Amino acid sequence: YLYSYSSFMLGRIPADSKINFDIDKVNEIVYSRLDRLTADARESYDSVEYDIIARTLTMTDESSFALVYTVNVNCINRLDGSDLHMSERIQFIIQ
């Protein structure tokens, strides 16, 4: 039985496409942007952690590729031996 099915860009990205992303450089850009976005939160919370939960390849037009990054941002306060989490999910499109 088929329980669940989903697709993203089904059949739109040719299998022989030449995709040249420097993942290390892209990660650096994403973390830098996250640091700027969470500057105020990092002053208010004991720690702020990032968890990249997905990197998805997409096309912005017939010949241009982009990466969609989905990141969980966890703002953490420590209180009496417990961690209190406030989380947000952010998405970036990197061309």
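**Entry 1: pairing of β1 and β2**

I looked up the bridge partner of Leu-57 in strand β2 and found Leu-67. The model I am reading is a predicted one. I then turned to the two strands as a whole: β1 covers residues 47–59, runs antiparallel to β2, and is joined to β2 by twelve bridges. I traced the link between β1 and β2 and recorded a hairpin of five residues.

**Entry 2: pairing of β2 and β3**

I next examined strand β3, residues 82–94, which is antiparallel to β2 and joined to it by 13 bridges. For Val-73, I noted Glu-88 as the bridge partner in β3. For Val-71, I noted that Ile-90 of β3 stands opposite. I also inspected the turn: the hairpin of β2 and β3 has two residues between the strands, and Asp-80 there takes a positive phi near 50 degrees.

**Entry 3: the sheet**

In what order do the three strands form the sheet? I read the order as β1-β2-β3, in an open sheet with antiparallel pairing. I marked β1 and β3 as the edges: each has a single partner strand, so one side of each lacks a neighbour in the sheet. From one strand to the next, I recorded a twist that averages 15 degrees. I then looked for what packs on the sheet and found helix α1, residues 23–37, which touches β1, β2 and β3. The direction of α1 makes about 45 degrees with that of β2.

**Entry 4: burial and the nonpolar core**

I checked how far β2 is covered. This strand spans residues 65–79, and twelve of its 15 residues are buried. As background, I note that nonpolar side chains tend to be buried together in soluble globular proteins.

I then listed the largest nonpolar core, which has 14 residues. The members that touch the most other members are Val-30, Leu-34, Tyr-69, Val-71, Val-73 and Phe-92. Which elements give two or more residues to this core? I found α1, β1, β2 and β3. The most comes from β2, which gives five residues.

**Entry 5: Ser-47**

I looked up Ser-47, which lies in strand β1. Is Ser-47 buried or exposed? Its relative accessibility is 18%, so I count Ser-47 as buried, given that the cut-off for buried is under 20%. I found a polar contact of 3.2 Å between the side chains of Ser-47 and Arg-78. Beyond neighbours within four places in sequence, Ser-47 is in contact with Asn-74, Cys-75, Ile-76 and Arg-78.

**Entry 6: the aromatic pair**

How many aromatic pairs does the structure hold? I found one. Finally, I checked the accessibility of Tyr-31: the residue is partly exposed, with a relative accessible area of 33%.

Conventions:
Residues are numbered from 1 along each chain as its sequence is written. This is a predicted model: local features need pLDDT of at least 70, side-chain atom pairs count only at pLDDT 80 or more; totals for chains, interfaces and linings use all residues. Side-chain values use heavy atoms; hydrogens and water are left out. Buried means under 20% relative accessible area, exposed over 50%, partly exposed in between (1.4 Å probe, protein chains only). Helices (H or I, at least four residues) and strands (E, at least two) are DSSP runs, numbered from the N terminus. Two strands pair if DSSP finds at least two bridges between them. A polar contact is a pair of N or O atoms within 3.5 Å; within protein, one must be able to donate a hydrogen and the other to accept it, and residues adjacent in sequence count only if both atoms are side-chain atoms. Contact means heavy atoms within 4.5 Å. Axes are lines fitted to C-alpha atoms, for helices over the stretch in contact, and angles run from 0 to 180 degrees between N-to-C directions. A nonpolar core is a set of buried Ala, Val, Leu, Ile, Met, Phe, Trp, Tyr and Cys residues joined through side-chain atoms within 4.5 Å. Rings of Phe, Tyr and Trp (its six-membered ring) pair if their centres lie within 6.5 Å; planes under 30 degrees apart count as stacked, over 60 as edge-to-face and the rest as tilted.
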